[in-house]
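Me: Could you take a close look at one part of this structure for me and tell me how that part sits among its surroundings? I'd like the cut-offs behind each term as well, please.

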Protein chains: 2
Amino acid sequence: MSTLKGACIIGQSGGPTAVINASAYGVIRTALDDENITAVYGAAHGIKGVLDDKLYDMSKEDAQELALLPYTPSSELGSCRYKMADPEKDDTDYKRILEIFKKYNVRYFFYNGGNDSMDTCNKISRYMASAGYECRVMGVPKTIDNDLFGTDHCPGFGSAARYIATSVMEVYKDAHVYDTGMVTIIEIMGRHAGWLAGSAALGCRYGAGPDLVYLPETDFSMEKFLEDVKRVYNATGKCLVAVSEGIHYADGSFVSEAKTSATDGFGHAQLGGLATILADIVKKETGAKVRGIELNLLQRCGSHLASKTDLDEAFLAGKAAVEAAVSGDTGKMVAFKRESVDGKYHCGVELLPLEKVANFEKKVPLEWINAEHNGVTEEFIEYVLPLVQGDPDRPMVDSMPRFVKLKKVLAE
Amino acid sequence: MSTLKGACIIGQSGGPTAVINASAYGVIRTALDDENITAVYGAAHGIKGVLDDKLYDMSKEDAQELALLPYTPSSELGSCRYKMADPEKDDTDYKRILEIFKKYNVRYFFYNGGNDSMDTCNKISRYMASAGYECRVMGVPKTIDNDLFGTDHCPGFGSAARYIATSVMEVYKDAHVYDTGMVTIIEIMGRHAGWLAGSAALGCRYGAGPDLVYLPETDFSMEKFLEDVKRVYNATGKCLVAVSEGIHYADGSFVSEAKTSATDGFGHAQLGGLATILADIVKKETGAKVRGIELNLLQRCGSHLASKTDLDEAFLAGKAAVEAAVSGDTGKMVAFKRESVDGKYHCGVELLPLEKVANFEKKVPLEWINAEHNGVTEEFIEYVLPLVQGDPDRPMVDSMPRFVKLKKVLAE
């Protein structure tokens, strides 16, 4: 491939993770150090920043300060949830993007996100090719949901899994402190894939895990759920349940949105999330003391429990994207391959065509869910465990997190 | 004072904290090493374990394993919420306690808990004195709520404050990721005292704190609250709010229990906690996207964010209780004095008569709450900051917490 000189843009998109900024730093640091890349711009709020001509000149940042970026949760450049039209149907946005790319001589575009972002990335790549504008477009994966197709796992998942597993272990201790009965229901993110809810089960290996785990990969039955809870509760006086927010009945309707007679005899929509709804039903059915806990945003921004493995791999994904693009690759997403080196987990990198990953979802294999559909298998645990390892050396001030402070100087 | 030889009992009571086991370890380790103390028993589920003759012989535990106790959250011996009658009115329980004390020759009793536990402690102390049974009774403070009277602060508070402040800082980052409007409401424990909700404001010093903080020390006005939120939201497009679960109207009724027309036109009780109720009201009043987050049990069992200062002081409280009792003290609670040594924070220990601390609540001084009643002052932050310092060297296995595994051998 020929050498391509020009500027690059890095954009972040979709929901935040604890380590998405490590990927951004992987791109930015590598690009700043590469002689083929003449300028490094961060798009404010993803593709919207390109459309709005709002780009930050990353060369204006202090290098030492920039090095704190990986340890700052959420998307520091700003994110968006902006679904692009098909360029064949409506090319308005694409024309504008091309205009901006030409204005800044952008020849490298890196997009850091999940499923929808890979779709955006793919469309931009196609459009630039059809417009005859040479620009290398690379997807850098991220999602706590771990549902990107074609990659062994996604940056962001390991840290969220570690946060969830640790928190559930701690709640286990709390929920067992009294000698009175108690049912605890913990709601975990994951609308369509149960990777995060399943990770709650890690603590089972260490004697402090949930009794029951429900994933969205199988249909949920309220009757079976209540049977399960009653069985555990009657035997032990306690029951700790982890549920994915995405559990649904056989007809596909989400349990979180269902109006059951047990929740409200008047059929009114209920406030509160799934944990509250289930807690209320269990309370009425069993008379037990029940507590619903929603891990909420905490699980996706909990950088204080980031896994070093995840953080390092997130950086690697960004770095690999730049190196591949400079070497001539385009229209690809960086993906991870699980390898074994001397019997130990090792993360290899490969490149996948964007059209093969965009818009597909990777779910938990059914054989990793137990026969009762209320737990995960040892294979699942073995899959997750290497991803949650290690403590990054987090910068702190007064024992509080020290987040990066970017100048965010607009490009001229 | 004369030397007193005999066994000791340590009991834990009330809600768990991240470091209550460090206090238990302070008692147990010091007592095991003291030649005047002939046996060390842990009461299963606090005073209930004494009444039920269910005592664990702590000498049967492996010393190395026992040393993991401080790093395990919640009350490892088990807790209870058991309110004792006044011995003058009904001495049934006290007679039983005396019987057990005589059976095991218990001459030292250490009770590790909050307000109610100090009350229990005080009553037992009085009863033993009136019965002419020599037993030295000491209270070891704990509570995340920090509302114990007479002590500068309480073991457990610093770790919960650190958990809350860190989590709020991370949520701040998450809540500011999109360029669309967003109001986030975080509900924090503290029914009558706002120490924990106020601690959410620590992040303000580091550029990632809440815009508004509401404590239960002042009356809550829904109108003023909505005005505050709208002002911040209209100016910045975001608003991050921290509220104590105990906020109440001028008539004393809790906002969490009020049925306002804004929450449900039909007057039905609402599911979900205060954060959900407020989120719903703000959503209806402003049309903004609003998210309610309840920190729930996580904030009191989050030992992975325990403050080393808090952990060390919790141990110190237990140790000081044993040393004081062996020296002849009884009917006292260990309390902390804030001292300055070479201009640095230092925690001194003193003993307070139990009757002076039991049943009083220490609230946040009104002069530490801002004039608008929607934030705390710098004095408040300066008070909290030394208590959240340092990372304990937590034991881990596979990057997951390694909790203590006690044998819990029943005393013979």
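Reply: **Helix 4 of chain B**

Happy to. In helix 4 of chain B, the buried residues are Asp93(B), Tyr94(B), Ile97(B), Ile100(B) and Phe101(B); buried means that 20 or more other C-beta atoms lie within 10 Å of a residue's own, exposed that 12 or fewer do, and partly exposed is in between, with C-beta atoms placed from the backbone. Looking down the axis, these buried residues fall within an arc of 120 degrees, so they line one face of the helix (the arc is taken from the directions from the helix axis to the C-beta atoms). Thr92(B), Glu99(B), Lys102(B) and Lys103(B), on the other side, are exposed.

This is a predicted model, in which local features need pLDDT of at least 70 and side-chain atom pairs count only at pLDDT 80 or more, while totals for chains, interfaces and linings use all residues. Residues are numbered from 1 along each chain as its sequence is written, and chains are lettered from A and ligands numbered from 1 in the order in which they are written. Helices (H or I, at least four residues) and strands (E, at least two) are DSSP runs, numbered from the N terminus.

The cover over the buried residues of helix 4 includes helix 2 (47-51), strand 4 (106-113) and helix 5 (115-130) of chain B. As for length, the 12 residues of helix 4 (residues 92-103) should span 16 Å at 1.5 Å a residue, and the end C-alpha atoms are 17 Å apart, which agrees; the expected span is 1.5 Å times one less than the number of residues. After helix 4 of chain B comes Asn105(B), with a positive phi near 50 degrees.

Key:
Two residues are in contact if their C-beta atoms, placed from the backbone, lie within 7 Å.
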